[in-house]
Amino acid sequence: MEGRLREFLAGSKLELGGGRDALGSGHWRYGRDEDGIGWLILDREDATVNTISDEVLRELDEHLERIEADLPTALVLRSGKAKGFAAGADIDALAGMDAEAAQGLLSEAHGVLDRLEGLSCPTIAVVHGAALGAGFELVLACDYRLAIEGASFGLPEVRLGLHPGLGGTVRLPELIEPTAAMQLMLTGSTAHTAKARDLGIADLVVEERHVRAAIASILRGEVDKRSRGLMARAFSLSSARSLAGARMRRETQKAAPKDHYPAPHALIANWEKHGDDPKAMRKAEIASFAELLQSETSRNLIRAFFLRRTLKQAADTADDIAHVHIVGAGIMGAEIAAWVAMQGKRVTVTDPDQEALGQMIRRATEVCEGAHKDALETRDTLDRLMPDPRGYGVARADLVIEAGPEKPDLKAQIFTDLGKRMKTGAILATNTSSLRLADLVDNAPAKARFAGLHFFNPPSKVPLVEVVSHDKTSAETRNRLLAFCAAIDRLPVAVADSPGFLVNRALMPYLLEALLLLDEGIAKERIDKAALNFGMPMGPVTLADQVGLDICLDVAESLSKSLETPIAGIPALLRDKVEAGDLGRKTGRGFYDWSDGTPEPETSSRIGEDLTDRLLLPMLNACAECVRKGVVGSADEADAAMIFATGFAPFRGGPLHYARARGHDEIHQRLKEFEKAHGPRFKPDAYWRNDTAK
Ligand code: NAD
């Protein structure tokens, strides 16, 4: 894209570096081409991705003032970054801002976008890559939107506990069918190119080389603006908005309950009340955005956003892995291979089972589809992904990932065989979930270059990867693996070779407590509901079924042998299920019946405080133990890992952040009470008394 973009801008007599005709320094450049068209290029200084800050908007305002004084034939807005139009607002600037400051800033910013909208020449936004959040709102203030194939548009502010604040809640429902606009904003989902065209967000979809022709055709009046449909007119009636609003509220409440996620509910209320009055809607948008920014939910979701960024930047070396060889094309290996190839690496894969290798290719196509890759990108991915039954790729690989069966003897044999063929300097990483690296290292070809790379199931959906070091793993190996994970768009967290590492160590006591409650006769729906009410994405009994009851049993057995603090005894029910072959989702039956798809979560039954604490405190206690023992570097990393591997209620900021908010003394006290009532598995960890960051 970068090459094509440079070519294009050069063709417009504008250069990325600021050409003869280009005016301005800073984040924008402006110049006119031979047809009198003004080109305003957003290209943030010192950043590879555009974000919209107050400085960016102030500079835009200055440009608009000059443009108003000397109007071009048309104004084209586009990005000078290869990666896309703009990723959204500058979150660093927003975080921690008080309500008054936020109101002031937003009012000013609205003024700039209104000025852009009010220009008396046609304005055209040309979008390649993503235009998200404030970036999309900027684009919405233009008369036309021209999408380059692959462009996407979205307002994901709800993911930060907010809603759009730069006029998006006003302009999007004016541009497209209002309920579709609300749907996009309420879910924070992205409209990829074809959908953006169907919805009416993009007036035209073109390839990069046809951009100038498309602009000319807009200026000749050949591109009709879509007229507002019947539905849009109907929603100028407040009774119609109330009716639709009630339905939206019901749907939203199911996915994002108001107590946990106030932003979408505030958005519905604003639309219901002011949907026919743009001026009042703007005022309401600014006021409610400023208020939401102060909410605990938004603070914690912004915290999760920063944690994600910290994990991505954890490596202090550049990624040097070009070729990855994967051993085992089962559930994990196949999808890891597909994901890694999709991210641009060369991948070879061995498996004695030919069928598994064939299925891997099918899986790769699905993974590409899930990531909205076009036919060309999918073909490129498949070109990079090579079934390699004889393992010729081993000798060329910079990294070998072992994802064979969870059997120590078999892994030992695989390692010995790899040792004969791996090239010097290559890393061997195992994907084991439940085995200690210390028990495998003796067969690894080079101890310093042996580590764990623990992906979670499914690897294309769960972003976290634990990078596991044993005693002899070198810092260089760990760093190379951290850099590799970041390069393949996963979130690495460095952990030590302790039983269950971090995530399974913390998750297992929670899952087992749920099964013990089940053993005690409490309905599975009630147990699951307790976790859902807390904000978990799925109940623990459903989760156990999803993970596979055989895998749960394996991990539980291996943990119970090796931990100093006891975990809950392994519930008889779990063994019975595994013995009966009811392994959960994969066999169609576990604790739930999965034969007709995912069971509906229970919504009616009553929960008690005790039930929620009984489930959660063992998880919190295990996280605390992991931080205290240095299994993970910090409480923040533990929180990030639990959010990005298990979906731990992100609006609570992570398990240890939640514990801090409740107070370590209270957590300690509750654990003591449970210890007395249920036994030593609840023994409070020393962390609660020692940690200085109370
Ligand atoms: P799986 O049984 O689905 O796949 C294992 C694959 O290895 C099979 O395709 C098998 O044919 C192949 N294989 C057998 N012997 C081999 C050999 N000598 N050389 C190469 N391939 C061989 O298992 P899985 O669930 O994909 O698990 C693989 C690893 O990933 C295990 O270590 C497991 O602990 C770990 N893991 C699994 C999950 C999960 O949820 N399934 C999650 C995280 C980690």
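Biologist: Buried means under 20% relative accessible area, exposed over 50%, and partly exposed in between, with a 1.4 Å probe and protein chains only. With that settled, which residues of strand S14 point one way and which the other?

Modeller: In S14 (residues 399–402), Leu399 and Ile401 point one way, Val400 and Glu402 point the other way, and all are buried. Strands (E, at least two residues) and helices (H or I, at least four) are DSSP runs, numbered from the N terminus. In a regular strand the side chains alternate between the two faces of the sheet.

Biologist: What kind of model is this, and how are residues numbered?

Modeller: This is a predicted model, in which local features need pLDDT of at least 70 and side-chain atom pairs count only at pLDDT 80 or more, while totals for chains, interfaces and linings use all residues. Residues are numbered from 1 along each chain as its sequence is written, and side-chain values use heavy atoms, with hydrogens and water left out.

Biologist: Which strands are joined to S14?

Modeller: Strand S11 (residues 323–327) runs parallel to S14, joined by 4 bridges, and 4 bridges also join S14 to the parallel strand S15 (residues 427–430). Strands pair if DSSP finds at least two bridges between them. Val324 is opposite Leu399, and Ile401 has Ala429 of S15 as its bridge partner.

Biologist: Now S7. Is it mostly covered or mostly open?

Modeller: S7 (residues 144–148) is mostly covered, with 5 of its 5 residues buried. Tyr144, Leu146 and Ile148 lie on one side, Arg145 and Ala147 on the other.

Biologist: And which strands pair with S7?

Modeller: S5 (residues 123–127) runs parallel to S7, with 4 bridges, and S10 (residues 204–206) pairs with S7 in the parallel sense over 3 bridges. Val126 faces Leu146, while Ala147 is bridged to Val205 in S10.

Biologist: Switching to the ligand. Which residues come nearest?

Modeller: There are 24 residues around the ligand, and Met332, Asp351, Glu406, Lys411 and Ser433 come nearest. A residue belongs to that set if one of its heavy atoms lies within 4 Å.

Biologist: What are the N and O distances to Lys411 and Ser433?

Modeller: A ligand oxygen is 2.8 Å from a side-chain N or O atom of Lys411, and a ligand nitrogen is 3.2 Å from one in the side chain of Ser433. A ligand oxygen is also 3.0 Å from a polar backbone atom of Ile331. Pairs of N or O atoms within 3.5 Å count as polar contacts.

Biologist: How much of the ligand does the protein cover?

Modeller: The ligand has 820 Å² of accessible area on its own, and the protein covers 78% of that. Areas come from the Shrake-Rupley method with a 1.4 Å probe.

Biologist: Which element gives the largest share of the shell?

Modeller: H18 does, with 3 residues. The elements giving two or more residues are helix H15 (331–342), helix H18 (408–419) and strand S16 (450–455).

Biologist: Back to Met332. Where is it found, and is it buried or exposed?

Modeller: Met332 is in helix H15, and it counts as buried because its relative accessible area is 16%. Apart from neighbours within four places in sequence, Met332 is in contact (heavy atoms within 4.5 Å) with Asn431, Phe455, Phe456, Asn457 and Pro459.

Technical notes
A polar contact is a pair of N or O atoms within 3.5 Å; within protein, one must be able to donate a hydrogen and the other to accept it, and residues adjacent in sequence count only if both atoms are side-chain atoms.
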